Amino acid sequence: MEVALAEARKGLGRTSPNPCVGAVIVNNGRIVGRGYHKKAGTPHAEIHALADAGTDAHGATMYVTLEPCNHTGRTPPCSRAVCEAGIRRVVVGLMDPNPLASGGAGYLQKQGVEVVTGVCEKACRSLNYPFIKHVTTGLPWVVMKAALSLDGKITYQTGRGGAISGTKSKEFVHRLRNNIDAILIGIDTAVIDDPSLTTRLPGQESRDPLRIIIDSSLRTDPGSKVLTQQSSAETWIFYSTDIVTDSQKIALKRSGAQLHKVPATTDGQVDIKEVLHILGEKNILSLLVEGGASIFGSFLRNNLVDEVFLLLAPFFIGEQGQPLLTGYSAETPDQVTRLREVTTSRQGDDTLIHGLLS
């Protein structure tokens with residue numbers, strides 16, 4: 001199953017709205033076939049593994065990270081293909097939470113195939129947190145990522161940019177972006193940093209996530225990097241005010257931006273919850289939130305964050321720096337937003353703190 005998980009990870013960030021799935025076929029103690037789901041609309045992991053195994057699949061055991069599908073969508077049901085290939089035993093990591101596709105295990109058992117479930121279930125589940133959340137709620141899995149100093153500052157001076165994390169942390173962030181459907185920032189970050197929000201992995205196949213800017217009054221510069229650089233990914237701008245000119249809209253659209261007007265909150269800001277609903281409807285399964293402080297505060301205040309990565313640099317900045325959060329507060333211990341399943345690791349000189357909120 002660990003080999004099947006390694007196969008599944010090859011599809012991270014590329015299979016939405018489908019899950020990441022890996023499959024391995026073993027016959028007489030030897031791996032004879034392996035495969036993973038590469039893209040929605042293409043063959044599933046089981047089909048790739050069966051094709052790789054050929055006639056060696058007959059009488060073999062298949063290890064698959066997610067229950068084989070039992071319905072006809074853009075591809076035929078994998079449960080039938082498994083039976084037709086003569087697989088005698090199927091070991092499943094995680095049962096499919098999608099009621100439309102589930103039932104494959106039951107079908108296989110009715111056909112006389114031995115089925116074992118729940119093997120490495122936690123790892124198989126964590127691989128597909130975005131798919132599980134989307135199929136059960138219609139919303140994307142929200143990942144918050146920030147680099148900060150020991151005293152919790154994300155800039156050296158309020159209103160000014162400047163790198164906080166080291167080289168290893170930056171490499172980690174690009175690997176993270178490579179596995180995510182979309183990346184989101186607020187207009188202040190867009191103006192101050194003029195970021196590219198691309199994925200840059202030397203020597204590896206990488207892809208740029210969809211870029212999203214929360215910009216209530218359309219202050220985004222049509223000449224900014226996100227709109228003028230060479231990238232296969234689109235840039236979407238969500239705004240809320242009616243006080244924008246046609247010239248603003250035309251200039252941004254000419255630069256390639258897609259504009260989405262959404263309702264405003266009582267304080268006149270873009271309704272983040274509505275943004276997430278739209279992204280879910282567009283089959284965006286995972287969203288990386290990269291700042292700034294008011295955006296982080298808004299997501300946390302509304303309980304919209306599922307996973308957190310904090311890159312802690314080994315130095316202090318001082319009171320003139322921008323704090324990690326604005327617009328969010330916890331006044332008593334029982335009000336704090338607390339991470340669970342917390343892990344720490346090193347990224348060069350930086351410390352990576354990871355945890356879940358959902």
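Colleague: What does Ala147 touch, leaving aside residues up to four places away in sequence?

Modeller: Ala147 touches Lys153, Ile154, Ile164, Ser165 and Leu311, where contact means heavy atoms within 4.5 Å. This is a predicted model, in which local features need pLDDT of at least 70 and side-chain atom pairs count only at pLDDT 80 or more, while totals for chains, interfaces and linings use all residues. Residues are numbered from 1 along each chain as its sequence is written, and side-chain values use heavy atoms, with hydrogens and water left out.

Colleague: Why is Ala147 called buried?

Modeller: Its relative accessibility is 17%, and buried means under 20% relative accessible area, with exposed over 50% and partly exposed in between (1.4 Å probe, protein chains only). Ala147 therefore counts as buried. This residue is found in strand S6 (residues 141–148); strands are DSSP runs of E with at least two residues, helices are runs of H or I with at least four, and both are numbered from the N terminus.

Colleague: How do you know that S7 and S8 pair?

Modeller: Two strands pair if DSSP finds at least two bridges between them. Strand S7 (residues 182–186) and strand S8 (residues 210–214) have 5 bridges, in the parallel sense. Ile185, for example, has Ile213 in S8 as its bridge partner.

Colleague: Which sheet do they belong to, and what makes S10 and S13 its edge strands?

Modeller: The sheet is open and has 9 strands in the order S10-S9-S8-S7-S11-S6-S12-S14-S13, with mixed pairing. Strand S10 (257–261) and strand S13 (340–347) each pair on one side only. From one strand to the next, the twist averages 20°. Helix H6 (residues 129–137) packs on this sheet, touching S6, strand S11 (286–289) and strand S14 (350–356), and its direction makes about 135° with that of S6. Such angles run from 0 to 180 degrees between N-to-C directions, with axes fitted to C-alpha atoms, for helices over the stretch in contact. H12 lies across S6, S7, S8 and S11, at about 140° to S6.

Colleague: What makes Asp306 buried, and where does it lie?

Modeller: Asp306 has 6% relative accessibility, so it counts as buried. It lies in the loop between helix H12 (293–301) and strand S12 (307–312).

Colleague: How do you know that the side chain of Asp306 makes a polar contact with that of Lys133?

Modeller: The distance is 2.6 Å, and a polar contact is a pair of N or O atoms within 3.5 Å; within protein, one must be able to donate a hydrogen and the other to accept it, and residues adjacent in sequence count only if both atoms are side-chain atoms. The backbone nitrogen of Val142 also lies 2.8 Å from a polar atom of the Asp306 side chain.

Colleague: Over in the 5-stranded sheet, why do S2 and S5 stand at the edges?

Modeller: That open sheet has the order S2-S1-S3-S4-S5, with mixed pairing. Strand S2 (30–36) and strand S5 (114–116) each have a single partner strand, so one side of each is left without a neighbour in the sheet.

Colleague: How do you know that the buried residues of H2 line one face?

Modeller: They are Ala45, Glu46, Ala49, Leu50 and Ala53. Seen down the axis of H2, they fall within an arc of 130°, so they line one face of the helix; the arc is that of the directions from the helix axis to the C-beta atoms. Their cover includes S1, S2, S3 and helix H3 (78–84).
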